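Trainee: I am new to this model. Could you walk me through it, one question at a time?

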Amino acid sequence: MYSSRPDLRPLSVGEMVDGAIRLYRTHFTTLIKIAAVVLGPIALIDVIATAAIGPVDMSTMLLVDPEANPMEVFEPLIPLYVVLTITSVLSFLGSTLVQGASISVLAHSYRGETIDWQTSLKTGARRLVPLVVATVLISLGSGIGLVFCLVPGIYLFTMWSVTPAALVTERLGAIRAMGRAFDLVRGRFWPVLGALVLSYLLYIVVSQIIGGVASAITVVSALASDQFSFLPSVIGSAIVQVVAAPFVASMVTIIYFDLRVRKEGYDLELMARDLERMEGSDRRDLPPAGDDPFGLGSPGSR
């Protein structure tokens, strides 16, 4: 199936953010299906476990004996923390899978193609292990950098920001995709950082609105019943994840293709080869890998 595709031309920071929003809106149904199918069951486990544990009596938290054993004070919360730890790991894996699958959907849209959520999930699943490895390495590298005066962490996070798109679209390993991202962003640090900041500001606004509603419900419920329930916060966090994960993928995809257009003269022929590689298919309608009529070289050669 075919749809209108984004323009393959250099974009300003504002155009990248606007393009990410339009991509997200255009493919909203498919992206939300992906996020809901993957993250929904994990969120359901969270909700059921939180509901089963039940609300915590506020008197046990407010009237604490100074001589009491800390383990006795927080004992009612231990089952909840155990469940949240397990589901946090599952959520990380699920969010990474959603990111890979979403990038697959969005990459196809650049060629005017629309693929279903099942096909995109298969693509994301095939790239899950290197995506997880790359995400962990980027988090560790950026985290260590943040410890050292903040600036190194921001720099590394920005330079590696398009790693997931390179990894999924070009079927690279984790380390090679990080190097590829670094090469693409080099010389475009400030525009990429600006686009990321604007997109994450939108993410924060949405999460704060949903989180604020959840917090208000929690406070009102606690004041009315003298019991503190984590259920509204768990539900709010699940909604934020499902809604926000595909948007972050949209922003990463827009930045990635903008960089390739600027630095490699990226066109539909090169994109067709990328899609063939991404799908692992054997498409007969594509030119041979050695055919380069535009003298642009193979993807990633510059």
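Trainee: What should I know about the model before we go on?

Mentor: This is a predicted model: local features need pLDDT of at least 70, side-chain atom pairs count only at pLDDT 80 or more, and totals for chains, interfaces and linings use all residues. Residues are numbered from 1 along each chain as its sequence is written, and side-chain values use heavy atoms, with hydrogens and water left out.

Trainee: How many helices and strands are in the protein chain?

Mentor: Both are DSSP runs, numbered from the N terminus: helices are H or I with at least four residues, strands E with at least two. The protein chain has 13 helices and two strands.

Trainee: What share of the residues in the protein chain is buried?

Mentor: Buried means under 20% relative accessible area, exposed over 50%, partly exposed in between (1.4 Å probe, protein chains only). The chain has 302 residues, and the buried share is 44%.

Trainee: What do the words for axes, angles and classes cover?

Mentor: Axes are lines fitted to C-alpha atoms, for helices over the stretch in contact, and angles run from 0 to 180 degrees between N-to-C directions. Under 35 degrees is roughly parallel, over 145 roughly antiparallel, 65 to 115 roughly perpendicular, and the rest oblique. Ala, Val, Leu, Ile, Met, Phe, Trp, Tyr, Cys and Pro are nonpolar; Asp, Glu, Lys and Arg are charged; the others, Gly among them, are polar.

Trainee: How many polar residues are in the contact of H7 with H8?

Mentor: The axes of H7 and helix H8 (residues 151-159) come within 5 Å and cross at roughly 155°. H7 and H8 are therefore roughly antiparallel to each other. H7 brings Ile138, Gly141, Ser142, Gly145 and Leu146, while H8 brings Pro152, Gly153, Ile154, Leu156 and Phe157. Six of these are nonpolar and none is charged, while the polar residues number four.

Trainee: Are H2 and H6 oblique or roughly antiparallel to each other?

Mentor: Helix H2 (residues 28-53) and helix H6 (residues 117-126) have axes 9 Å apart. They pack at an angle of about 60°. The pair is therefore oblique.

Trainee: Which residues of H6 make that contact with H2?

Mentor: H2 passes H6 in a right-handed crossing. On the H2 side stand Thr30, Lys33, Ile34, Val37 and Val38. On the H6 side stand Trp117, Ser120 and Leu121.

Trainee: Is Lys122 buried or exposed?

Mentor: Lys122 is in helix H6. Its C-alpha atom is 9.6 Å from that of Leu97, 25 residues apart along the chain. With a relative accessible area of 57%, Lys122 is exposed.

Trainee: Which residues does Ser199 touch, beyond four places away in sequence?

Mentor: Ser199 lies in helix H11 (residues 189-225). At 4% relative accessibility, Ser199 counts as buried. Its partners are Phe247 and Met251.

Trainee: Which residues does Ala36 touch, again beyond four places away?

Mentor: Ala36 is in helix H2. At 37% relative accessibility, Ala36 counts as partly exposed. The residues touched are Pro41 and Val242.

Trainee: What is phi of Arg171 near?

Mentor: Arg171 lies in the loop between helix H9 (163-169) and H10. At 32% relative accessibility, Arg171 counts as partly exposed. Its phi is positive, in a residue other than glycine, and near 50°.

Methods
A crossing is left-handed if the near helix is turned anticlockwise from the far one by less than a right angle, and right-handed if clockwise. Contact means heavy atoms within 4.5 Å.
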